[in-house]
Amino acid sequence: MKEYLKNTWEGIWTVLVGMKVTLKHLFVPSVTIQYPDVKLPLPERARNRLYVNMDDCIGCDQCARACPVDCIEIETVKALPTDDLGVTSNGKKKALWVTKFDIDIAKCCYCGLCTYPCPTECIYMTDVYEFSEYKREDLIYNFSVLTPQEAEEKKKNYEKFMAEKAAAKAKAAAAKAAQAKTDNPNNSDKK
Amino acid sequence: MNLYDIIFYLFAAITIVSAFIVVNAKNIVYAAFSLLFTFFGVSGLYVLLGADFIAIVQVMVYIGGILVLLLFGVMLTHKITSVDIKAGSVQTIPAVIIIGIFAALLIGLMYSTHWAVNPAEIPVTTTKSLGKTLVTEYVLIFELLGILLLVAMIGAATIARRDGDK
Amino acid sequence: MYEYLNNIVGNEVITYFVVAALPLFLVVLPFALIAVLAERKVSAHMQDRLGPMRVGYHGILQTVADILKLIQKEDIIIPQADKKLFNLAPFLVFIGSYAVFAALPFSSKFIGTNAEVGIFYILAVSGFVVAGILMGGWASDNKYSLLGAMRSAAQIVSYEIPTAIVVLTLVMITGTLNLGTMSEQQTAYFWNWNILGGAGEGIQQILLIPFMVVAFTILFISTLAEVNRTPFDIPEAESELVAGFHTEYSGMKFAMFFLAEYANMFAVSAIIVSLLFGGYQSPFGYLGNTLGIPALIPFEQLFWFLSKGVFFVFVQMWLRWTLPRLRVDQLMTVCWKYLIPYAVFNLLIVGIITLI
Ligand code: SF4
Ligand code: SF4
C-alpha cells in the first residue's frame with residue numbers, strides 16, 4: 001500500500017519535474033540556423049567544389065594522375081616556339097596549350113589529392129558547396145579557356161609545325177645524305 | 001407531415017434497413033457494423049419519444065460497450081470473416097407458424113392498447129425523475145443488478161486468469 | 001441565439017442547420033488551423049528549434065499550404081480494402097468527435113443543445129469514434145492498421161471508466177448533467193470554480209479542494225488517453241505501427257481523421273474547462289458589467305471559454321514533448337490499477353463531504 005502511494009506520488013512528481021524542464025526550454029533561444037538565408041562559416045580547410053585557375057595552369061597533368069577516381073581529363077598541345085604563353089604567377093614558363101581541362105564533379109570524392117601535386121597551386125578547393133544541377137552533364141566542368149575552334153586551330157598549328165619540322169628534318173637529312181655521298185661517293189656503291 | 005414526422009421516418013428507416021442487413025449480411029463484420037446503425041436508429045426513436053436519458057444510455061451501452069466488444073470478438077477471432085454464415089432458410093414451416101403467432105400477438109396488442117395519441121407535453125427531462133425512482137422505488141432491483149454485474153465481472157476475471165498466476 | 005437566428009432566417013429547419021454548422025466553421029476549422037501550427041511551433045521551441053518558418057511571417061501560413069496540398073492529393077483506396085467501410089470510417093470518426101460540440105457551452109447564449117443529459121451525451125457519442133476507428137483499421141486490410149485500431153479501441157474503452165467516475169463525482173456536487181447549468185453555477189470569479197470547491201460555502205468548499213485537484217488530475221490523464229495523444233498514443237505509434245488505424249488513408253480522408261483528432265483535443269479540454277474551471281465564466285468578473293454594456297458579456301464568455309480550452313490544449317502539447325510513449329501494459333496498469341481505484345475513492349470521499 002505504501003509502495004502504491006509512493007508510486008503514484010513519484011509518477012505525478014516526476015511528470016511535473018519533466019514539464020518544468022520542457023517549459024524552460026520553450027523560452028531558450030533556438031539553435032536552428034535558417035540555412036539558405038544564414039550560413040555557417042566553413043572551416044578553413046573545408047573541401048568543397050574544385051576550381052582551376054587556368055592562368056596559372058601549365059598543363060602538367062599531375063593533378064589528373066593523382067586523382068583516385070579519374071575525374072580530371074586533360075589534353076594538351078605543345079605551343080609553337082613562336083607562341084608566347086606567358087609565365088605563371090610563380091614564374092614558371094608555360095609551354096603547353098591546355099586544350100581540354102574537364103573535371104567531372106559528380107565523380108569527385110573531394111579527397112583533395114589533386115591539389116597537392118600541382119606545381120603552381122592553381123587547382124584548389126573553394127567554399128562553394130551548393131551546386132546541384134538538373135542534368136548530370138552539367139556537372140562536368142570545363143575549365144579550358146580555349147574555345148573548341150581555338151583548340152582545333154592550336155592542334156592544327158602544332159601538326160603543321162611538326163609536319164614542317166619533319167619536312168625540314170627530312171630535307172636536312174636528305175641534304176646531309178647528299179653531302180655525304182659527294183664526300184664519299186664510293187662508300188655507298190661498295191656496299 | 002411535419003418535421004418530427006420526417007425525422008421519425010428517417011430513424012425508423014435507418015433502424016429497419018440496417019437491422020435487415022444485420023440479419024442478411026454474408027460478411028459477419030458487415031453485420032456487426034450494421035448493428036451500429038440499428039442501435040443509432042433506435043436511440044433516435046427514443047429521443048423522439050422524449051426519453052433522452054434512455055436514448056443516451058442506449059448509445060453508451062450498446063454502441064460504446066456491446067458493439068465494440070462484439071467487434072473485438074469478430075476481429076480477434078482467427079479467420080472468422082471467411083466462415084460461411086448460413087443465411088439460407090431451414091424449417092420454413094415451423095418458423096412461419098411461430099412468427100405468425102408472435103405477429104398476431106403484437107398486432108393484437110397494438111390494437112388493444114389505448115395509445116395516447118396526443119401526448120400532453122413532452123417532459124423536459126427524464127433524468128432526475130428516473131434517478132429518483134431508481135434509488136427509491138426500485139432500489140432493490142437496482143442493487144441486485146449491480147451485484148449481478150459485479151459477480152459477472154469477477155467471474156470473467158477469474159476465467160481470464162492464467163493458471164498459476166497469483 | 002437560436003431564437004435570434006430563427007427570427008432572421010424564418011425557418012426552423014434552416015436554423016437548425018445553421019446552428020449545427022456554426023461550431024464547425026467558427027470553432028473547429030479555425031482551431032484546427034491554428035492548433036496544427038501551434039503544435040509544430042510549440043514542439044519546435046520546446047526542442048530549441050524554430051519549426052516552420054518559410055510560408056508567411058514565421059511560417060504562420062504553413063497550415064494553409066498544407067491544406068492546399070492535402071486537397072490536391074490523390075485519394076488512394078487500396079484495392080484490398082473493404083471499400084464501403086473504408087470510405088465510411090473517417091466520416092464516422094468525425095461525426096463522433098463533432099457531435100461532442102453540440103453539448104459544449106460556448107457562452108451563456110450559445111450552446112448547441114441545452115439537453116439535460118449534456119455531459120452524459122458527450123461520454124456516449126465517443127462510442128462512435130471507437131466504432132469508426134475499428135472500422136477504418138479493419139477495412140484497411142493492413143495489420144498495422146488493425147493493431148492500431150484494436151489498441152485504440154481498448155484504450156478508449158478502458159479510459160472511459162475513470163472519466164465517467166470523475167464526471168459522476170462532479171455531477172454529484174453540481175446536481176446536474178447539463179454543462180451549461182454547470183458553468184452557470186460556477187459564477188464569475190475564479191474562487192467559485194469547481195476546482196476550488198465550487199460555489200458552495202464554508203468548510204465544505206475548503207474540504208473539497210484537494211479532492212477536486214485529484215479529480216482534475218484523473219480527468220486530465222484519462223481524457224488525454226481517450227483522444228490518443230502522447231504519452232498515450234500507442235494506437236498511432238509512428239515507430240512501431242507506422243500510423244495506426246489511418247496508415248492507409250490519404251488526401252481528404254486523412255484530413256478528416258486529422259481534423260477529428262484536433263476537434264477531439266479541443267473537445268476534451270472544453271469538457272475539463274466546463275466541469276472544473278468555470279466553463280465560460282470569466283475569472284475576474286465581466287467587462288460588460290463594469291462598462292454597463294450587457295451585450296458584451298456573451299462575447300466575453302466565448303472568449304474565456306475558448307482561451308481556457310486553448311490553454312488546456314497547450315498543456316496537452318506540453319505533455320506531449322515531456323513524456324515518452326507508454327507501453328501497452330503500462331497503459332493498462334495506469335488505468336486499471338491507479339486511475340480507477342483513485343477515482344472510486346475520490347467519488348466516495350466527495351460523496352461523504354457533500355453529505356456533511
Ligand atoms: S578532389 Fe580527389 S576526386 Fe576530386 S578531382 Fe581532386 S583528386 Fe580527383
Ligand atoms: S597540376 Fe596544376 S598546373 Fe598541372 S595540370 Fe593540374 S592544374 Fe594544371
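This is a predicted model: local features need pLDDT of at least 70, side-chain atom pairs count only at pLDDT 80 or more; totals for chains, interfaces and linings use all residues.
**A buried glutamate, an interface and a ligand shell**

The side chain of C:Glu39 is in polar contact with the side chain of C:Tyr262, at 2.8 Å. C:Glu39 lies in helix α2 of chain C, which covers residues 12-46. With a relative accessible area of 5%, C:Glu39 is buried, because a residue under 20% falls into that class. Leaving aside residues up to four places away in sequence, C:Glu39 touches C:Arg229, C:Tyr262, C:Met265, C:Met317, C:Arg320 and C:Trp321.

The size of an interface is often expressed as the accessible area lost when the parts come together. For chain A and chain C, about 1700 Å² is buried between them, and 63% of this lies on carbon and sulfur atoms. Within the area that chain A buries against chain C, A:Tyr4, A:Met19 and A:Leu26 supply 31%, more than any other three residues. Chain A brings 19 residues to the contact, and chain C brings 20 residues.

What kinds of residues make up the side of chain A that touches chain C? They divide into 10 nonpolar, eight polar and one charged. Across this interface, nine residue pairs are in polar contact, counting pairs with both residues at pLDDT 80 or more. The number of salt bridges between chain A and chain C is zero.

Ligand 1 has 14 residues around it, of which A:Cys67, A:Cys108, A:Cys111, A:Gly112 and A:Cys114 come nearest. Sorted by class, the shell around ligand 1 consists of 13 nonpolar residues and one polar residue, with no charged residues.

Two loop residues of chain A deserve a separate look for their backbone angles. A:Asp61 has a phi near 75°, a positive value in a residue other than glycine. A:Asp61 is placed in the loop between β1 (50-52) and α2 (62-66) of chain A. Is A:Asp61 buried, partly exposed or exposed? Its relative accessible area is 26%, so A:Asp61 is partly exposed. A:Glu121 also has a positive phi, near 55°, and is likewise a residue other than glycine. The loop that holds A:Glu121 runs between β3 (96-104) and β4 (123-125) of chain A. A:Glu121 has a relative accessible area of 62% and is therefore exposed, since exposed residues are those over 50%.

Technical notes
Residues are numbered from 1 along each chain as its sequence is written. Chains are lettered from A and ligands numbered from 1 in the order in which they are written. Side-chain values use heavy atoms; hydrogens and water are left out. Helices (H or I, at least four residues) and strands (E, at least two) are DSSP runs, numbered from the N terminus. Buried means under 20% relative accessible area, exposed over 50%, partly exposed in between (1.4 Å probe, protein chains only). A residue is near a molecule or strand if one of its heavy atoms lies within 4 Å of it. Ala, Val, Leu, Ile, Met, Phe, Trp, Tyr, Cys and Pro count as nonpolar, Asp, Glu, Lys and Arg as charged, and the others, Gly among them, as polar. A polar contact is a pair of N or O atoms within 3.5 Å; within protein, one must be able to donate a hydrogen and the other to accept it, and residues adjacent in sequence count only if both atoms are side-chain atoms. Contact means heavy atoms within 4.5 Å. Buried area is the accessible area (1.4 Å probe) that two parts lose on being put together, summed over both. A salt bridge is a side-chain nitrogen of Lys or Arg within 4 Å of a carboxyl oxygen of Asp or Glu.
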